[in-house]
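Here are a few exercises to work through with the model open beside you. Try each task before reading its solution.

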Amino acid sequence: MTGLPVYPWRLAPDGLATRRQLRAAGLRPGGQDVVAQVERPRYRRGPLTALLYRVELALPVRPMTPAKAAALAKANAARRTCPACRRDAGYVIPASLGMCVPCAYPDEQRVA
């Protein structure tokens with residue numbers, strides 16, 4: 001992103017916001033170009049950078065449709081379903097295990 005103005009962390013001018021700041025305000029960039037970036041220095045690593053957009057050109061976030069809500073619910077249910085026992089685990093199955101904790105560690109389950 002060469003040629004963009006770079007501002008120090010927390011010193012960007014008013015009227016510019018990051019994607020997260022826009023989202024918190026119920027807005028989205030809406031296809032506009034990036035106008036600047038902000039950099040936060042880090043110890044022994046490269047700086048963190050965030051792209052800035054104009055707030056006055058931002059558009060409202062699109063509302064959730066019933067079809068999107070249904071698709072999101074289905075995807076979340078799939079993440080909670082154990083592939084070994086086919087039960088809802090009540091939490092998102094860790095990718096490191098690939099199955100619910102009782103299926104991953106059957107011998108370590110204690111009876112209370």
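**Exercise 1.** Find how many residues line the largest pocket, and which of them lie nearest its centre.

*Solution.* Start with the lining: 13 residues surround the largest pocket, and Trp9, Arg10, Thr18, Gln21 and Val38 lie nearest its centre. A pocket here is an open set of points on a 1 Å grid over the protein atoms alone, where a 1.4 Å probe fits, with protein on both sides within 12 Å along at least five of seven lines; lining residues have an atom within 4 Å of a point. Next, sort the lining by class: 9 residues are nonpolar, 3 polar and 1 charged. (Ala, Val, Leu, Ile, Met, Phe, Trp, Tyr, Cys and Pro count as nonpolar, Asp, Glu, Lys and Arg as charged, and the others, Gly among them, as polar.) Then ask which element contributes most: strand S5 (residues 45–54) does, with 4 residues.

A word on the source: this is a predicted model, in which local features need pLDDT of at least 70 and side-chain atom pairs count only at pLDDT 80 or more, while totals for chains, interfaces and linings use all residues. Residues are numbered from 1 along each chain as its sequence is written, and side-chain values use heavy atoms, with hydrogens and water left out.

**Exercise 2.** Arginine 44 and arginine 86: where is each found, and is each buried or exposed?

*Solution.* Arginine 44 is in the loop between strand S4 (36–42) and S5, and is exposed at 73% relative accessible area. (Buried means under 20%, exposed over 50%, partly exposed in between, with a 1.4 Å probe and protein chains only.) Arginine 86 sits in the loop between helix H2 (66–80) and helix H3 (101–104); this residue is exposed too, at 61%. Finally, check the backbone: although not a glycine, arginine 44 has a positive phi of about 60°, and arginine 86, not a glycine either, has a positive phi of about 60°.

Methods:
Helix = DSSP H or I, 4+ residues; strand = E, 2+ residues; numbered from the N terminus.
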